[in-house]
Amino acid sequence: MQNRVEEHIDKKSVRDLKIGETGVICCLKDPDMGLKLLEMGCLPGTEVKLNSRAPLGDPITIIVNDYTLSLRLDEAETIMLK
Amino acid sequence: MTVVASPEVKENQPVAAARGMARVALVGNPNSGKTSLFNQLTGLNQKVGNFPGVTVDKKTGSCHLSATQKVQIIDLPGTYSLYPKSLDERVIIDLLYDKKGASYPDLVIVTADASNLKRNLLLFTQLADLKIPAILALNMIDVAEQEGVKIDIPALHKALGVPVIPMNARKGVGIAALKILMSQQLDTIPTPVYSVPESLKPVVESIKSRFGISNNYLALHYAHQYKSLKFLSAEDVAFIGELVQVHGFKSNTLQAEETIARYTYINELLLDAVKVERVEKEEKFSNRLDQVLTHKIYGYLIFLGVLFLVFQAIFTWASYPMDLIDEGVAALNGLIQENFSGPLINLLTEGVIAGLGGVLVFVPQIAILFAFIAILEETGYMARVTFMMDKIMRKFGLNGKSVVPLISGVACAVPAVMSARTIENWKDRMITIFVTPLMSCSARIPVYTVLIALVVPETYYFGFLNLQGLVLMALYLIGFIAAILSAWLLKVVLKARERSYFIMELPVYKMPRWKNVGLTMVEKSKTFLFEAGKVIVAISVILWVLASYGPGDNFERAEQQAIAEAAELNLSQTELDNLISSHQLEQSYAGIIGRSIEPAIEPLGYDWKIGIALITSFAAREVFVGTMSTIYSIGEEENVTTIKEKLLTVTDKQGEPFFTPARSFSLMIFYLFAMQCVSTLAIVRRETKSWMWPMAQMVYMSGLAYIFALITFRAFS
C-alpha cells in the first residue's frame, strides 16, 4: 500500500528523506551535477540513507557506499529516488 | 607495444634516467592521505612553486630511494576524477596529458583510501587507461582492517596489473616497500579498463593522427576537455571543436556512461577482492561525535570556543615571540649604530633591517594560526565547520570556511588571507580574501586607542559600560559589517569561473599527525618570508628613504631653524632633538608629498601634517602614531597619555583645538577602511597570483575610506 502511494508521487528525491530513512537512487536530474554525483558513487540503483542535517537544515549528509557525503539541499534535490 | 627498441636499455635503467631525475606524481582523492605520504617521502626537502594560472601551490620535493637514486615527487591537488570540476583540479590534466611537458611524470603513485576503495578506484581506472606507469598505494589499511574490510592484495594486483602496496602513511608503514618498488618498477603499465566505444572511433582517430597520440583514452579526453587544456594552440582547439560538432559528440552523456561503466567494472572486481565483515563500532564513534559537534546549540558553542582559542593564540600568545623579534631587531640595530656610522649604515639599520624585522614579526602569528588550521583540517573538524556555516555564509557569497579567515583577520590580515587557501571554490576564495582586510586588525588598535583617548570621554554607564570601550567595539562592528556587505556586493559583481558544489566527503574524525602540522607551519612561514617578504622589505625601504631624505639642503636648513627656535624658547636637548626630527620630517620627500596631497584630504578635515602620517603609515597602520609623535615633536616614548596631552594642545589656524571629535572620528573611520598595509597587499598578490587583486582591493578600500571619512567629518562638524 505504501508503495502505491509513492508511485503516484513519483517525484521523491533525497531532499525528501527523513533522518535515518533510506532510498534507492533512480536517476540524476541535473546533467552537470549528475556527473559529479556519479563520480562520488551516487549511481542509479545505489542505496542512500539520510544521515544528518546541518543545524540550519542545509546542507545534509547522506551515507552512500559506506561513506558519508555532504551536500546542499538543492544538490540533494537532483538525486531522484525510486 | 610492438615497437622493438633496444630491450637491454629499457630493462636495466629506469625510464627517465637518461633525462635527469625521474619524476613521480602523487594523485588521489581528497582525504586519501596524499599529504601524509608526500610528507613521509620528502620530509623537509619540499619546495613550493606555482602552477601557471591557478591558486594552488605546486609542491615538489625530492626523495632518496637508495643511496644513489633520487627522484622528484610532485604533489597534485586531490581529485575524484580526471574530469576536473574545479580550476585547481585542472592542473592535473594539464600535467598528465602533455607528454612533452617539462613536468610530465615517469610514474604516478595513486593513493587510495582502503576503507573506501570503490570510490577511490574510479580515479585509478581512469589513470590506468592513460597507460602511465603506476603504483597503487592502499592507504589507511589500518582503518580498513578496523572496519572489517579485508582486501585480497594479490587479486587486486593481478587484476590491475600494477604493484599494490598496503600502507599506513600516517605511521610510515609501507613507505620502505613503496620506495623499493619505485626504484625498480618505474615502468609497470596498468591493465586498461575501459575501451572507447566504437561510435567514437572517428573522433578519436582524427585526434590521434593530428596530435601523434597512440592512446585512445587520452585522445578521448582531448575531445572532452579541449577547451581547458592549456598546452593546445588556438588552431588545435578550433580543430577539435569542429570535429566534436561534426560527430555530435555529447560530452556530458558520454562522461556519465563512462563513469557508470567504470563503476560496474570496479564493483565486479571488488566483489572478489574485498570481503567486508562490518564492525559497526568505529563508524558510530564519528557519528556520535558529530551529534555533539554539529549540534544545534553545542555545535555553535564549541565552534565559538575553538575560534576564541585560535583568536587568543594569534592575539596573545604570538605577542611574546613578536616582542622578542622587535627587541632583537632593535638590539641589532643599536649594536650596529654604536659601532659604525654613515648614511649607508642608516639605510641598513633603519631601512633594510627594520623592514626585515617588519616581515619577521608576522611569522609567529602565521605559524600559530596554521598550526591550528592544520589540526582542524587533519582531525576532520574543518569539514564540520563548513557544514555548519555554509547556509549563513552562502547568502553573502562566502563559504563555510570563510569564517576562519574572517575571525583571524581581527588579529592580522596576513595569516588570515593565507588561511583562505582551504576554500576550494575560486570565487568564494577571492571574495574571502578581498573582504578579510576590512576586519579591524591589531595594527589598527594603536591608531584607535590614541584617537579615542583624544575625543571620547572616559565615562561609565551603569558602572561598567565604558564609553571608550563602546566606541572601540563599534569600530570593530563597522569593520565586520563592511566586510559582509562587500562580500555580498562582490557575489553579485564577480562572475563564477566554476560551478559551486558542496558535494564532498565528510571525513571520519582522526587524530592529527603532528608531523603534518609541523610541516604546514614551516611551509607557510617560509612562503610568507620569501614571497611576500621581498615586496614588504622593498616598500619599507622606499618609505624610509622618503621620510629620511629631502631635496637639496632642506635637512640642514630644517636643523638650523630648529636650533634657532630652540634657543629662543630655551628648550632642553631632548626637546631640541624632537624639534629637529619634526622639522626634518616636514622637509623630507614624505613631507613634500604630504603637503601636495593636502587639497585632496582637506575635505576630510586633515592638514598636511596628517597627510605625512598617511604617507608614512602606508606600509603599516601602526606607524601613524609614531609619525604623529615625530611631527608634533612629542618624542620617542609612545605613551598614550603623553601623546594625548600634546595633541590636545595643537591648534588650527583660527587658534581652535585641531583634534576635534569630527577630525578624530574621520581619522578613525579612514583607518578602519583604508588598505594601509603593504604586507597584506603583498600576501594577496602571492595568494591570488596576480597584481590585479591587491590593486583592486587598494582602490576599493581607499575609496570607502575617503567617502566614509568625508561623511563622518561632515556629520560631526
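Predicted model: local features only at pLDDT ≥ 70, side-chain atom pairs only at ≥ 80, totals over all residues.
How much of α29(B) is covered? The helix runs over residues 623–631, and eight of its nine residues are buried. Among them are Val623(B), Phe624(B), Val625(B), Met628(B) and Ile631(B), together with Thr627(B), Ser629(B) and Thr630(B). Just after the helix, Ser633(B) has a positive phi of about 40 degrees.

An unreviewed UniProt entry gives "transmembrane region" for chain B at residues 297–318, 352–376, 396–418, 430–455, 467–490, 528–547, 665–684 and 696–716. I looked at two of these spans. Residues 297–318 of chain B are 91% helix and 0% strand, with end C-alpha atoms 31 Å apart. For residues 696–716 of chain B the figures are 100% helix and 0% strand, and the end C-alpha atoms lie 30 Å apart.

Now the domains. Chain B is split into domain 1 (7–184), domain 2 (198–276) and domain 3, which takes in 280–317 and 362–439. Between domain 1 and domain 2 of chain B, the C-alpha centres are 22 Å apart. The contact involves 24 residues of domain 1 and 22 residues of domain 2 of chain B.

Which elements give two or more residues to the domain 1 side? They are α3 (90–96), α4 (117–129), β7 (149–151) and α6 (153–160) of chain B. The most comes from α4(B), with six residues. By residue type, that side of domain 1 of chain B has 13 nonpolar, three polar and eight charged residues.

Definitions and conventions:
Residues numbered from 1 in each chain as written. Chains lettered and ligands numbered in written order. Buried ≥ 20, exposed ≤ 12 C-beta atoms within 10 Å, placed from the backbone. Helix = DSSP H or I, 4+ residues; strand = E, 2+ residues; numbered from the N terminus. UniProt positions renumbered as here; feature names shortened; annotations may be inferred. Domains from an automatic or database assignment. Contact = placed C-beta atoms within 7 Å. Nonpolar A, V, L, I, M, F, W, Y, C, P; charged D, E, K, R; others polar.
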